[in-house]
Amino acid sequence: MQWWRNLGAPKLDALIEQALLTSPTLATAQATLRQAGEIYTAKSGSTRYPQLDANLSGQRQRFNLGALGQSGEAREFSLYSAGVGMQYQLDLTGGNRRELEALAAQVDYQRFQLAGARLTLAAQIASTAISQARLSAQLVSSEAILHAQEQQLALVHERVRLGEASQDDILALQTQVEQTRADIPALRSQREQAGHLLAVLSGQAPGVTKLPAFNLEDFSLPVDLPLVLPAELVRSRPDILAAEALLHAANAEFGVAIGRLYPQINLSASLGSQALTTGALFGSGSAIWSLIGQLTQPLFNPGLPAEKRAALAAFDAAAAHYQGVVLEALRNVADVLQGLDSDSQILAAQVAAEASAQASLNSAQRKYALGVASYLQLLTAQQQVHQSRLGLIASQAQKLGNTVALYHAMGGGQILSLIHI
């Protein structure tokens with residue numbers, strides 16, 4: 001499910017879809033998955049089916065009759081041979097099957113790693129885009145506040161000239177102006193850094209390609225976000241599925257270690273021909289063949305029981321790791337749900353504060369038009385609106401960010417459309 005579409009930002013949709021195609025991180029994960037798949041295929045071919053090999057050889061030999069206690073001159077001759085050989089190991093104890101099972105689990109693990117990388121990449125891009133939008137909005141409001149403060153400072157300078165204010169009033173307001181002025185370059189720098197991060201996440205060099213600029217108006221909060229979720233829904237997270245695959249692989253490796261304690265039967269056969277000349281190589285009387293069956297039972301090999309104990313310890317470690325991943329996932333979801341609950345309350349309060357400041361500004365504008373309020377009072381009311389808007393911007397961005405975190409925590413948000421509060 002393309003969960004990021006629930007944020008209602010087509011520019012974000014396009015950027016994430018591009019990143020899913022061009023990200024070096026995903027390319028690495030995809031190559032690793034292909035490698036695991038090919039390793040499984042190679043091992044499957046070498047254990048499930050007999051191995052056939054063709055051979056063709058020629059050699060020149062010198063044979064000394066004295067080695068047989070006979071007299072006479074040494075003889076030299078050529079020997080040519082051609083044949084086909086077959087080897088196969090019977091899987092009586094299931095060790096080969098368990099080894100293939102372990103490799104298949106490793107393929108699953110890499111597949112879930114790729115899914116997790118895709119999920120994390122999409123969440124990083126969405127979070128960075130929201131941060132860029134927040135910084136852009138904060139920059140606009142901060143510049144508006146600075147403009148109002150500079151106008152207010154100019155008025156105070158005029159009042160000092162007329163003897164209606166003191167130098168202390170100028171110094172106090174000048175401090176506020178410079179503090180606001182200092183915040184603006186930092187906001188601008190952070191916004192540019194967010195753009196650089198978006199470029200890298202999408203597999204592009206910063207500044208080479210023109211990326212979309214995001215504003216908070218580009219996003220919409222999904223409705224009916226859940227505040228309570230069944231714990232079993234967390235199981236769809238790629239990290240949990242990957243830990244489960246590792247547990248499966250460790251279990252299979254334990255079976256392989258047990259299988260090595262029992263007899264192994266190897267079969268081999270060959271069919272070919274051998275002659276002193278190439279012309280007679282495939283003639284009558286040149287055929288040779290062999291059939292060998294071999295049973296091997298370990299009698300004294302202290303390493304094999306130790307391998308079994310090591311495999312069991314690896315399984316215990318994988319089980320503990322799986323438990324830890326599940327607990328961490330549950331904590332992650334609980335934290336995000338708690339954050340969303342707090343975000344809703346904070347956002348409601350910030351909306352009320354911004355509405356109150358706007359109402360105060362409207363009143364100051366009416367009074368100023370009627371001549372019963374000073375321009376300084378009007379500027380003060382405008383600053384209050386912009387200050388309250390900064391808080392509202394932060395609250396909106398925080399809730400959007402935690403919404404992305406919820407989709408990420410739920411493994412992609414496949415079930416969120418089915419749950420309502």
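Buried here means under 20% relative accessible area, exposed means over 50%, and partly exposed is anything in between (1.4 Å probe, protein chains only). The structure is a predicted model, so local features need pLDDT of at least 70 and side-chain atom pairs count only at pLDDT 80 or more, while totals for chains, interfaces and linings use all residues. Residues are numbered from 1 along each chain as its sequence is written, and side-chain values use heavy atoms, with hydrogens and water left out.

On the overall build, the chain comes to seven helices and four strands, taken as DSSP runs numbered from the N terminus (H or I, at least four residues, for helices; E, at least two, for strands). Read from the N terminus, the order is α-α-β-β-α-α-α-β-β-α-α. The radius of gyration, taken over C-alpha atoms, is set against a globule rule of 2.2 Å times the number of residues to the power 0.38. At 38 Å it is well over the 22 Å that the rule gives for 421 residues, so the chain is more spread out than a compact globule. Along its principal axes, the C-alpha trace spans about 140 × 45 × 35 Å. Of the 421 residues, 36% count as buried. With contact meaning heavy atoms within 4.5 Å, 80% of the contacts between residues at least 6 apart in sequence join residues at least 24 apart.

Now for the charged pairs. A salt bridge is a side-chain nitrogen of Lys or Arg within 4 Å of a carboxyl oxygen of Asp or Glu, and the structure holds 15 of them. One joins Arg-188 and Glu-143, at 3.0 Å from N to O. This pair ties together distant parts of the chain, 45 residues apart, with Arg-188 in helix α4 (residues 167-201) and Glu-143 in helix α3. Both partners are partly exposed: Arg-188 sits at 35% relative accessibility and Glu-143 at 34%.

Glu-101 is partly exposed at 26%, and so is Arg-98 at 22%.

Asp-13 and Arg-5 form another bridge, with the closest N and O atoms 3.5 Å apart. Here Asp-13 is buried, at 9% relative accessibility, whereas Arg-5 is partly exposed at 40%. These two residues also belong to a network of salt bridges that takes in Glu-17.
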